[in-house]
Amino acid sequence: MNSPPILSAPPTPVIVVANLRHAFGGVWRLTFRRFLLPGRWLMVLVGLAVLTLLSFALARSGGTGHYVKWLVSFYVAFLVPALAFIAGAGAMRDEMKSGTVDYVLTRPLPRPAFVVFKFFAHTVCAQIDFLLALIVVLVVGHLRGISGLAAAAPQLLLGQVLLVTAASAFGFLCAIITSRYIVLGLAYAGVVEAGLGQIPTQLSRLSLTRQVRDLLDPASGIVSVATTLGTVGFILVFTVCALAAAAALFHVRELGASAES
């Protein structure tokens, strides 16, 4: 009579503990590798060339006041946040595609941490792009004899950094909500930035671009330290709230085919 077979114990599952430092390094490398792609830099150079031509045309047609007004109202307060929003939302949507989701979210990394890491890596790269653009408009203005740009450069840089950061965070949030993030962005811009931001009351302080315009407007005179800190604090609070909402929504959302809607 044969003896019963000896059953081997099932293997003990290996529990992989998330290492946030290594995870951030991986997210950073993937993001920066895309940042260095030749095709992406070709688009950046084309955009800088267009901005150079536009800056030369405006500096030639108007004086110092006209160029500075265009620089504050159009470049910093409109073009920068619009492009930063689109870039941030597009970067987040790329991470929600089915192939990327299968690769990234099978790693032992909490979803909220992934959103924060991705936001930080993307925003650092975006700041480099917009820094180049700011250098272009300042250099063109200097070559065309526009006075006062050197003294205004630190404030312009501060306003740009704040708006790139806030618009990128809001872009992340809108991209996680829907693939039609442009519609959400336009709705926000119409109601808050173009609507409340034009009301001559305290409600206008809810507009990010209005606060930055007030901070940079040469007609407002010397801006106090308290006003500067208030603007910086408000925009940073907006950024943290938008990023926290994006991380919370990404944590509970089912991804895959449904993420395309």
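Me: Which residues are linked in a network of salt bridges here?

Reply: Arg34, Glu95 and Lys118. A salt bridge is counted when a side-chain nitrogen of Lys or Arg lies within 4 Å of a carboxyl oxygen of Asp or Glu. Before we go on: this is a predicted model, where local features need pLDDT of at least 70 and side-chain atom pairs count only at pLDDT 80 or more, while totals for chains, interfaces and linings use all residues. Residues are numbered from 1 along each chain as its sequence is written, and side-chain values use heavy atoms, with hydrogens and water left out.

Me: How many salt bridges are there by this rule?

Reply: The count comes to 4. One of them joins Arg34 to Glu95, with the closest N and O atoms 2.8 Å apart. Arg34 sits in helix H1 and Glu95 in the loop between H3 and helix H4 (98–104), so this pair ties together parts that are 61 residues apart in sequence. Helices here are DSSP runs of H or I with at least four residues, numbered from the N terminus.

Me: And where does Lys118 come in?

Reply: Lys118 is in helix H5, 23 residues from Glu95. Their side chains meet in a salt bridge at 3.0 Å, N to O.

Me: Which residue forms a salt bridge with Arg210?

Reply: That's Asp214, and the closest N and O atoms are 3.4 Å apart. Both lie in helix H8 (residues 208–216), 4 residues apart, or about one turn of the helix.

Me: Now the rings. How many aromatic pairs does the structure hold?

Reply: It holds 15. Take Trp28 and Phe32: their ring centres are 5.3 Å apart and their planes are at 15 degrees, so the pair is stacked. The rule pairs rings of Phe, Tyr and Trp (its six-membered ring) if their centres lie within 6.5 Å; planes under 30 degrees apart are stacked, over 60 edge-to-face, and the rest tilted. Trp28 and Phe32 are 4 residues apart in helix H1 (residues 20–35), about one helical turn.

Trp70 and Phe74 give another stacked pair, with centres 6.0 Å apart and planes at 20 degrees. They both lie in helix H3 (residues 64–94). Trp70 is buried at 10%, whereas Phe74 is partly exposed at 31%.

Me: Which residues do ring pairs link into a cluster?

Reply: Phe85, Phe170, Tyr181, Tyr188 and Phe238.

Me: What sits over the ring of Phe250?

Reply: A charge counts as over a ring if NZ of Lys or CZ of Arg is within 6 Å of the ring centre and within 35 degrees of the ring normal. For Phe250, the charged end of Arg111 sits there, 5.7 Å from the centre. Arg40 likewise lies over the face of Trp41, at 5.0 Å from the ring centre.

Me: Last one: what does Gln127 touch?

Reply: Contact means heavy atoms within 4.5 Å. Leaving out residues up to four places away in sequence, Gln127 touches Gln160, Val161, Val164 and Thr165. Gln127 lies in helix H5 and is buried, at 16% relative accessibility.

Technical notes. Helices (H or I, at least four residues) and strands (E, at least two) are DSSP runs, numbered from the N terminus. Buried means under 20% relative accessible area, exposed over 50%, partly exposed in between (1.4 Å probe, protein chains only).
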